[in-house]
Amino acid sequence: MNPQSFSFELFPPRTPEGATRLPAIVGKLAAVKPAFFSVTYGAGGSDQDGTYETVVRVVNDTGIEAAPHLTCVGSTRAKIAALLDRYKAAGVKRIVALRGDLPATAVSSEAPGEFGYANELVEFIRATHGRDFQVEVAAYPEMHPQATSADADLAAFKRKAEAGADAAITQYFFNADAYFDFADRCAKANLKLPIVPGIMPITNHAQLTRFSAACGAEIPRWIRLRLELLKDDKAALLDFGTEVITRLCETLLKGGVPGLHFYTLNQSEPTLRLWRNLGLRR
Ligand code: FAD
């Protein structure tokens, strides 16, 4: 059995202040020796160079592997091929391959550009670069918000696995049963790739509500009500959030998950508090 993998997600800094702060944050996160960092990629094209630069900087500063996220929505085969070549030349060994969110201006559910869905991107990576990259894809225990049914979403996930994905990282969720049910359905569909839960630390009521509405993650009523009560008391909200997410992670770890991928939101302390509570070591 493979050892569990614990990894951290970053986004490319959006402001000069964010860029100044990031190396210290990455340094603190790197000190606990995660399996890898991943760096998000803006589907709108705003931070595509930022992803590359952040990946290279993290590897140079920490010596820890960093995986760029790569979205294909609105892109072309030629552009994706050029990016893959650039990453390969920089020594990148792992890619998180995604469709990306459809632009708000999209008139139908069809993705603009030469790729329709993430499975086509995975196929393209394998066709052009063989096994040069470990390919991670996204999974949705609570169903992707645009999927027509849970079965259709599972079929879409299966296509990504069959196209050559090595592992998956899930959208965040607060209900462990959603993950275990999804993992059971994958096992019944004979999908053997590791499905690592994505873990969102709770640090900010407004931001979490906004993200969750956009990505289809359900905030259970009892958590929502507590967050509304605590929204103006930053420290109490963080304590409550840490307790809730620690318990979620404990349940997942007891249930035998292949690892945890923390959405750090470019903050070290909320994730490191979880890490310490869980006694994670590598
Ligand atoms: P897909 O797997 O292509 O699925 C998209 C939708 O299409 C699903 O509803 C699926 O059921 C459906 N579908 C798939 N194939 C078909 C088909 N053949 N016919 C009909 N329907 C189909 N977004 C970013 O912009 N940048 C990031 O860096 C980023 N990182 C992420 C990291 C993780 C771990 C996760 C979970 C999500 C991330 N996202 C990111 C968000 C992601 O891009 C969106 O959720 C996007 O809407 C779907 O991407 P996907 O790769 O899951 O798409």
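Me: Hi! Which residue of strand 6 stands opposite A138?

Reply: In strand 6, I169 stands opposite A138. Helices (H or I, at least four residues) and strands (E, at least two) are DSSP runs, numbered from the N terminus. Two strands pair if DSSP finds at least two bridges between them. Here strand 5 and strand 6 run parallel and are joined by 4 bridges. Keep in mind that this is a predicted model, where local features need pLDDT of at least 70 and side-chain atom pairs count only at pLDDT 80 or more, while totals for chains, interfaces and linings use all residues. Residues are numbered from 1 along each chain as its sequence is written, and side-chain values use heavy atoms, with hydrogens and water left out.

Me: How many strands make up the barrel, and in what order do they run?

Reply: The closed barrel has 8 strands in the order 1-2-3-4-5-6-7-8, with parallel pairing. From one strand to the next, the twist averages 30°; such angles run from 0 to 180 degrees between N-to-C directions, and axes are lines fitted to C-alpha atoms, for helices over the stretch in contact. Strand 1 and strand 2 share 4 bridges, and L10 has V39 of strand 2 as its bridge partner. Further along, 3 bridges link strand 3 with strand 4, where L70 is partnered by A97.

Me: Which parts of the structure do the buried residues of helix 4 pack against?

Reply: Contact means heavy atoms within 4.5 Å. The buried residues of helix 4, among them L121, F124 and I125, pack against strand 3, helix 3 (77-89), strand 4, strand 5 and helix 5. After helix 4 comes G130, with a positive phi near 50°. Helix 5 (residues 150-162) lies across strand 5, strand 6 and strand 7, running at about 180° to strand 5.

Me: Where does helix 1 bend?

Reply: A bend is the angle between axes fitted to the seven residues ending at a residue and the seven starting there. Helix 1 bends by about 35° at L22, and the proline P23 follows within four residues. L22 is one of the buried residues of helix 1, as are V26 and L29.

Me: Which residues touch the most other members of the largest nonpolar core?

Reply: A nonpolar core is a set of buried Ala, Val, Leu, Ile, Met, Phe, Trp, Tyr and Cys residues joined through side-chain atoms within 4.5 Å. In the largest one, with 86 residues, F37, F157 and F262 touch the most other members. Helix 9 (residues 234-254) supplies the largest share, 7 residues. Not counting residues up to four places away in sequence, F37 touches residues including V26 and L29.

Notes. Buried < 20%, exposed > 50% of the residue type's maximum accessible area, 1.4 Å probe, protein only.
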